[in-house]
Amino acid sequence: MVSLPLTFVTISPRVKHTATVIFAHGLGDNGLDFSNHKEMRTIASQLPHIKWVFPSAPERSITAWKGDSRRQSSTRAWLDVLREPLMYSSEYDDIQEYDEGILQSVKHLDAFVQSEIDSGISERRIVLGGFGQGGAISLITGLGGSQWRDASDTKGGWKLGGVISLGGWLPMREKYKKRLSMHASTIPVFWGHGVQNESVTWGLSWESAEFIGDKLEVRYGQYTKVGEPGVSFMSYGVAHWMAESEMEDLRLFLKKILPLEG
């Protein structure tokens, strides 16, 4: 069994455990608090065969917060924030420390996926997802190949049942595009985003999804194909949080890719 590197909480299934969702929180949050949000408790109750795992990110220094007396210089985060407002810049791809921080988070989430496999859950019955930064790191971990892992780790990428990004984006586009796993095009992705989101703008998120459009099929708002291989990008009339309609769409996505009969 793989030893888990981070603290975490779970919502246990109420019937036979046949699938697992590993869900990563956003910047400054933690697994316990995120698991207790009404939205997460509701969707978990509607999918009784699924075990939900909520890891807590490690504390890390946030570059954009240095010198800001209103904020502490470090918080729980899956990756650094180099500047605010959040934006994509090609220069990020060349910052070694930024890359290394992401690699560390990939390694952490890999351990949670492997732990579920060791317990008897197949890769295709595991979904990796997250909110905000958690969505960003889930896109990298869930769809990324061996280049996102240590040289000593030969894993070429997971064959997951699906990936979820709520309010997420791609922090390192060029490297991401070059580091997609051989399985990426076979994995269904649910990508939801609020049009009023100021923390991670809708434009940044949509541009991120569109950027990988020649590598993966990217669909905008096509309900008929949600849950099929490729990216289903869905918009909602909220800011940086989860809409009721978004959670219902997510429930239908999970019901399709992780059916109860398993």
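**Figure 1. H183 and the residues that H183 touches: G157, W158 and K159, not counting residues up to four places away in sequence.** Contact here means heavy atoms within 4.5 Å. The model is predicted, so local features need pLDDT of at least 70 and side-chain atom pairs count only at pLDDT 80 or more, while totals for chains, interfaces and linings use all residues. Residues are numbered from 1 along each chain as its sequence is written, and side-chain values use heavy atoms, with hydrogens and water left out. H183 sits in the loop between α5 (173–178) and β8; helices (H or I, at least four residues) and strands (E, at least two) are DSSP runs, numbered from the N terminus. With a relative accessible area of 13%, H183 is buried. Buried means under 20% relative accessible area, exposed over 50%, and partly exposed in between, with a 1.4 Å probe and protein chains only.

Figure 2. In general, most peptide bonds are trans.

**Figure 3. The packing of helix α3 (residues 96–118) on helix α4 (residues 133–143).** The two helices meet at an angle of about 70°, and their axes are 10 Å apart. Axes are lines fitted to C-alpha atoms, for helices over the stretch in contact, and angles run from 0 to 180 degrees between N-to-C directions. The pair α3 and α4 is therefore roughly perpendicular; angles under 35 degrees count as roughly parallel, over 145 as roughly antiparallel, 65 to 115 as roughly perpendicular and the rest as oblique. On the α3 side the contact is formed by I102, S105, V106, L109 and D110, and on the α4 side by I137, I140 and T141. Five of the contact residues are nonpolar, two are polar and one is charged. Ala, Val, Leu, Ile, Met, Phe, Trp, Tyr, Cys and Pro count as nonpolar, Asp, Glu, Lys and Arg as charged, and the others, Gly among them, as polar.

**Figure 4. The largest nonpolar core, of 43 residues.** Such a core is a set of buried Ala, Val, Leu, Ile, Met, Phe, Trp, Tyr and Cys residues joined through side-chain atoms within 4.5 Å. The members that touch the most other members are W78, I102, L139, L143 and Y176. Two or more residues each come from β2 (19–24), α3, β6 (126–131), α4, β8 (188–194), α6 (202–211) and β10 (230–236). Helix α3 contributes the most, six residues. Another core, of 29 residues, lies apart from this one and includes L47, Y236, L250 and I257.

Figure 5. Rings of Phe, Tyr and Trp (its six-membered ring) pair if their centres lie within 6.5 Å; planes under 30 degrees apart count as stacked, over 60 as edge-to-face and the rest as tilted. F23 and F34 are stacked, because their ring centres are 5.6 Å apart and their planes lie at 15°. F23 belongs to strand β2 and F34 to helix α1 (residues 31–35), eleven residues apart, so that the pair links distant parts of the chain. Both are buried: F23 at 1% relative accessibility and F34 at 0%. The rings of F23 and W52 form a tilted pair, with centres 6.4 Å apart and planes at 45°. W52 lies in strand β3 (residues 50–55), 29 residues from F23, and is buried at 0% relative accessibility. F23, F34 and W52 belong to one aromatic cluster together with F54, F131 and W241.

**Figure 6. The buried residues of helix α6.** These are L204, S205, W206, S208 and A209. They pack against α5, β8, β9 (218–220) and β10.

**Figure 7. G192 in strand β8.** G192 counts as buried, at 0% relative accessibility. Neighbours within four places in sequence aside, G192 is in contact with S165, L166, G167, M234, Y236 and E246. The C-alpha atom of G192 is separated by 22 Å from that of I11, 181 residues apart along the chain.
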